[in-house]
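Hi,

Here is the structure I promised to pass on.

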Amino acid sequence: MTIINKITEASSLPYEAVTTLALVAIILLSWIAYKIACVSVVKWAKKLTNTTKNDWDDTLHSQGVFKKIAMLIPVVIIYFCSTKLFEDQMLSTITSFCQVYIAVVTTLVIFSILNAVNEIYSGYE
């Protein structure tokens, strides 16, 4: 029995309303976590890249690698919260969405890293 089923049994709210509220809460929580991660991770990465003498970390930052990595945080929150709250078809849909999103963002991160490597390599010529 999931948390949503327990809330539905304990209250007079219909299952659909509780499910919708839970989904909105998860999305809001993941958006807030993304904003915090963007501010903290990107600022930390910028500070770190400015203090080193290497150019490759500046290139990684300019290619947006750290910001794209921060894009994984909301989907991780959505995935783990949904496994605790939802079941059956809703859980299957959300986990499928999360898996596709993770694959797309991971591909974007890899492309950004490859672009950074190409930019670094081009600088040595």
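This is a predicted model: local features need pLDDT of at least 70, side-chain atom pairs count only at pLDDT 80 or more; totals for chains, interfaces and linings use all residues.

Numbering runs from 1 along each chain as its sequence is written, and side-chain values use heavy atoms, with hydrogens and water left out.

Back to the rings. Tyr79 and Phe80 have ring centres 5.5 Å apart and planes at 80°, so this pair is edge-to-face. Phe97 and Tyr101 make a tilted pair, because their centres are 6.1 Å apart and their planes sit at 35°. Both of these residues lie in helix H6, 4 residues apart, about one turn of the helix (helices are DSSP runs of H or I, at least four residues, numbered from the N terminus).

As for accessibility, buried means under 20% relative accessible area, exposed means over 50%, and partly exposed is in between (1.4 Å probe, protein chains only). Tyr79 comes out partly exposed at 29%, Phe97 is partly exposed at 48%, and Tyr101 is partly exposed at 27%.

Next, the helix packing. The axes of H5 (residues 72-85) and H6 (residues 88-123) come within 10 Å and cross at roughly 160°; axes are lines fitted to C-alpha atoms over the stretch in contact, with angles from 0 to 180 degrees between N-to-C directions. The two helices are therefore roughly antiparallel, a label for angles over 145 degrees. Residues making the contact (heavy atoms within 4.5 Å) include Leu72, Val75, Ile78 and Tyr79 of H5, and Leu91, Ile94, Cys98 and Tyr101 of H6. The contact residues divide into 10 nonpolar, 4 polar and no charged; Ala, Val, Leu, Ile, Met, Phe, Trp, Tyr, Cys and Pro count as nonpolar, Asp, Glu, Lys and Arg as charged, and the others, Gly among them, as polar.

Two other spots to look at. Asp88, in helix H6, has a positive phi of about 55° although it is not a glycine, and Asp88 is exposed at 61% relative accessibility. Gln63 lies in the loop between helix H3 (56-62) and helix H4 (65-70). Leaving aside residues up to four places away in sequence, Gln63 touches Lys68, Ser112, Asn115, Ala116 and Glu119.

Cheers

Note on methods:
Angles under 35 degrees count as roughly parallel, over 145 as roughly antiparallel, 65 to 115 as roughly perpendicular and the rest as oblique. Rings of Phe, Tyr and Trp (its six-membered ring) pair if their centres lie within 6.5 Å; planes under 30 degrees apart count as stacked, over 60 as edge-to-face and the rest as tilted.
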